[in-house]
Amino acid sequence: MGAFLLRRIAAWLPALTLVAVPVAAQNDAADGMETGGIAGISDLVEISGFVDASYTYSNLDDANTFGLDQVEIDLTKNLGGIGTLRADLEWVSDGEGGFTLDAEQGYVTLDLGMGRGEGNYPTLTFGKFNAPIGFELLDAPDMYQFSHALVFDNGLPTNLTGAMLSMNLGNGVDVVVHLSNGWDQNVDANTNKMIGGRLGYSHEELGGIGFSAMRGDEEGLVGNLTVYDIDLTLTPSPRLIIGGEYNYGKTELDEINAENSWNGYMVMAHYSLTDVMGLTGRYDRFNREISQIAARRSGAQDHPPVGLEFTRQALTIAPTFALTDGLGFLMELRRDFSDDEIFGDPETGDAEKSMVNFAFEMTYSF
């Protein structure tokens, strides 16, 4: 998905300037070119990114706020035809008026053909990268609505740190295999790693389908983790995109001798009414069950099996507007509901079985 702000950008400008000046001086000396400042940086790397701001309202407590949600700057460097270097720096709102600086991605991609034009060679990606699993993408400019589906939030990793091999097998078939620390784990202290991959098929006009799987050990309470995911994209007409996803997973919570399993799915459709306006609708459902057969730490008594089931559903509708190249906005109305009173604060008894959220979001990509 997706599933990536300007508050600290001033701190980076001096560093970028220091990089730009030597680069400009080298270009002047070697090529006689009069470059400097931002021009020197753009000669060194390709710069892109986006700014994402919103207004949100929730009916649970009549809370509403304007906010700068995220600023992202992406730097890409061509490695002489054999690969690329990529770094995505993001400033994300912490929800309390401040921002968190993070490296969403940072990796080197190498063509294992090493520049040879003939033949089909795999590509190696090494570092931290967006997880190649699921239908929805992480960043706001790549989404058809403001929020992510329940499957994206609860059943999938966002980023992986490790190594990934990808290859186009021809006739619309591609394959990805990766070895990583685990779900959103930049550092992993355990011995075993997580292995996964995706097999995909795409048709130029009709869309595509992919099957993904991941399995391995996670730190903390989590022992062995397994997840399977199927994503589907249909494009029956140039103006209509239909998406679907099914997700199943389970984790073994070793320290408390329990198993956490889940399954969920989502269906969505986006229709471009005009070149400027579109409309998105989405329904998603996520079910989680925790079963426990635990013994007391003394080992003197076994507890009977305990089950905890949790089901959520969500309906979302979002009109979208593309104002000009890179600039757009959308409005989202979303209703989440459950059989249990889980929205709000259950500890105080102030909880509901459903909640409604509204969002207005404006995004500019450069």
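In the predicted model, Asp-174 has a relative accessible area of 26% and is therefore classed as partly exposed, since the buried class ends under 20% and the exposed class begins over 50%. The side chain of Asp-174 meets that of Arg-198 in a salt bridge, with 3.9 Å from N to O. This pair links distant parts of the chain, as Arg-198 belongs to strand β8 and Asp-174 to strand β7, 24 residues apart. Arg-198 also forms a salt bridge with Asp-231, for which the N to O distance is 2.9 Å. Here too distant parts of the chain are linked, because Asp-231 lies in strand β10 (residues 222–237), 33 residues from Arg-198. With a relative accessible area of 5%, Asp-231 is counted as buried.

A search of the whole structure finds eleven salt bridges, and a further one joins the side chains of Asp-88 and Arg-86 at 2.5 Å, N to O. Asp-88 counts as buried because its relative accessibility is 1%, whereas Arg-86, at 22%, counts as partly exposed. Through salt bridges that share partners, Asp-74, Arg-86 and Asp-88 are joined into one network.

One of the pairs is formed by Trp-183 and Trp-262, which are arranged edge-to-face, with 6.2 Å centre to centre and 70° between the planes. Trp-183 is located in the loop between β7 (173–180) and β8 (194–203), while Trp-262 is part of strand β12 (residues 258–272), so the pair ties together parts that are 79 residues apart in sequence. Both Trp-183 and Trp-262 are buried. Another pair, that of Phe-321 and Phe-329, is stacked, with 4.6 Å between the centres and 15° between the planes. Phe-329 has a relative accessibility of 19% and is therefore counted as buried, given that this class covers values under 20%. Together with Phe-360, the residues Phe-321 and Phe-329 form one aromatic cluster.

Asp-340 is placed in the loop between β15 (327–338) and β16 (343–345), and its relative accessibility of 41% is the reason why Asp-340 counts as partly exposed.

Conventions: Residues numbered from 1 in each chain as written. Predicted model: local features only at pLDDT ≥ 70, side-chain atom pairs only at ≥ 80, totals over all residues. Heavy atoms only, no water. Helix = DSSP H or I, 4+ residues; strand = E, 2+ residues; numbered from the N terminus. Buried < 20%, exposed > 50% of the residue type's maximum accessible area, 1.4 Å probe, protein only. Phe/Tyr/Trp six-rings, centres within 6.5 Å; stacked < 30°, edge-to-face > 60°. Salt bridge = Lys/Arg side-chain N within 4 Å of Asp/Glu carboxyl O.
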